[in-house]
Amino acid sequence: MNCDLLITNGTVATADAIYPADVAISAGKIAAILPPQSSINSLATHDATGCYVIPGAIDAHVHLNMPTGVGYTADDWCTGTSAAALGGVTSLVDFVETEPGESLLEALEKRLGEARQSIIDFGLHMTIQPDEHPINGIPRRVSDKRITQIKEAYAAGCATFKMYMAYPGFQVQDIDLFRALRAIAEVNGLACIHAENGDVIEVLRQSNISDPARALNHARTRPTINEHEAVTRAVMCAEVSGARTLIFHIGCEHAARVVADAKLRGLANVYGETCPQYLVLTEESLARPDGHRWVCAPPLRPQADQDALWHMLASRALDIVSTDHCPFTIEQKDKGHNDFRLAPGGVPGIETRLGLMYEYGVRRGRLSLNDWVRTCCTRPAEIHGMSAKGRIAVGYDADIVVFDPALRKKLTPRELHSAIDWSAYEGITCNGWPRDVIARGEFVTRNQRLCATPARGRFIRRSY
Ligand code: DUC
Ligand code: ZN
């Protein structure tokens, strides 16, 4: 047998097995998985002694170059995907958002133009949002026309549809959430739902807050029962509509239990995502003098919620870990210094997920190696309709991370590559980090250095 590249002497870790093997790559695909030291003709070999050889990580929830009230999120498609690759990510999924009057396909075309700079392969979720801006805080409707366009978006490779139950401008009313879910069920797509009760949040945010400089109040305006109620409503709508549904960024135990209970009732198409910020940080970060930098939604929660999320991830009640990477510079974040409501929502994380999940999950005994691969690599591909990704198996794309458990990485902005000047994880050192990253058979990083050029990433047309 001949191949282009042979990864030798590593330990292959997948979602269900761990074994020593050499991995042969040809024409960008995994060509064979062989006993170590098999004799085979390869144009190049790459030694992975002492390392885990795992599928490239998939981050199915990021916000690059997204317009916000304080300007665009700080990473563009070049800086964001460079940081992602250095953190072991070989595919990501970002979003298409629509301007009033724009069709879903017009908005997709524009977003594909921006995404051309991507270093790694990428998919796009289609956001289903009201056609017009809200009036007096009341969300406008999603038109029939827009609902009809769901079919066209699916055919164009956007198989997943994001809906917000909170955030003025994005929030959809229940009637439209449900109409959209029925249309998504009809095309066999996936609904991805930001589940918080936006109406209640807006009233709480507009009430007299005695100390708006205290960022912990952000969590008080978005209590866990608010998230719990919205997830319950979203799962009810998913069940009645029959739409395959993923609840995005679950941050608290009660919300996660709703997904767990749905699964116990036999709803095999209801999934849950959580993020490293909810697994590693707590609302203590919001209590810092610069706590407004940790404003994100849902907010960071108490330790008890974090502990429960780890259990639910290991038990498969929750399915995947994505980052909701939404990077802002200190200058952008500090707009909220005196009033947390002015801080743009979101924390960075595109580069740090695999390392953090290894450090806080595997090394601390909360996840097995297989759980780590399942939640960061394999299940994201399955749930998000990427049939060629997420596995080390013959015929799959050769997206591979050589992960070195002996590397140490300090999570400071100096060591990371996002275009921001702070880190949400300052003070943390990860033991274990991606050493080399291969995407469709090409090295995109080697020895923790980027070696890929922009615009090599391809749009992943996703389907089920
Ligand atoms: N939550 C955030 O914190 N930022 C971006 C979008 C979201 O849902
Ligand atoms: Zn998000």
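**View 1. Glu 102 and Lys 110 are joined through their side chains by a polar contact of 2.6 Å.** A polar contact here is a pair of N or O atoms within 3.5 Å; within protein, one must be able to donate a hydrogen and the other to accept it, and residues adjacent in sequence count only if both atoms are side-chain atoms. The model you are looking at is predicted: local features need pLDDT of at least 70, side-chain atom pairs count only at pLDDT 80 or more, and totals for chains, interfaces and linings use all residues. Side-chain values use heavy atoms, with hydrogens and water left out, and residues are numbered from 1 along each chain as its sequence is written. Look for Glu 102 in the loop between strand 9 (89-96) and helix 2 (104-115); helices (H or I, at least four residues) and strands (E, at least two) are DSSP runs, numbered from the N terminus. Glu 102 is buried, at a relative accessible area of 11%, where buried means under 20% relative accessible area, exposed over 50% and partly exposed in between (1.4 Å probe, protein chains only). Leaving aside residues up to four places away in sequence, Glu 102 touches Glu 97, Ala 107, Lys 110 and Arg 146; contact means heavy atoms within 4.5 Å.

**View 2. Helix 3 (residues 144-155) has Arg 146, Ile 147, Gln 149, Ile 150, Ala 153 and Tyr 154 as its buried residues.** These cover an arc of only 150° around the axis, so they sit on the same side of helix 3; the arc is that of the directions from the helix axis to the C-beta atoms. The other side of helix 3 carries the exposed Asp 144, Lys 145, Thr 148, Lys 151 and Ala 155. The cover over the buried residues includes helix 2, strand 10 (121-127), strand 11 (160-164) and helix 4. Just after helix 3, do spot Gly 157, with its positive phi of about 105°.

**View 3. Ile 460 and Gly 123 are 337 residues apart in sequence but 4.9 Å apart in space, C-alpha to C-alpha.** Ile 460 lies in the segment after strand 19 (449-450) and counts as buried at 11% relative accessibility. Among the residues that Ile 460 touches are Ser 91, Phe 122, Gly 157 and Met 386.

**View 4. Helix 4 (residues 174-187) and helix 7 cross at roughly 40°, their axes coming within 9 Å.** Axes are lines fitted to C-alpha atoms, for helices over the stretch in contact, and angles run from 0 to 180 degrees between N-to-C directions. Helix 4 and helix 7 are therefore oblique to each other; angles under 35 degrees count as roughly parallel, over 145 as roughly antiparallel, 65 to 115 as roughly perpendicular and the rest as oblique. Residues of helix 4 including Leu 177, Phe 178 and Leu 181 take part in the meeting with helix 7, whose partners include Arg 233 and Cys 237.

**View 5. Helix 7 and helix 8 (residues 253-264) pack at an angle of about 20°, with axes 8 Å apart.** The two helices are therefore roughly parallel to each other. Their contact is made by Glu 227, His 228, Val 231, Thr 232 and Val 235 of helix 7 and His 254, Ala 255, Val 258, Val 259 and Ala 262 of helix 8.

Terms used. Chains lettered and ligands numbered in written order.
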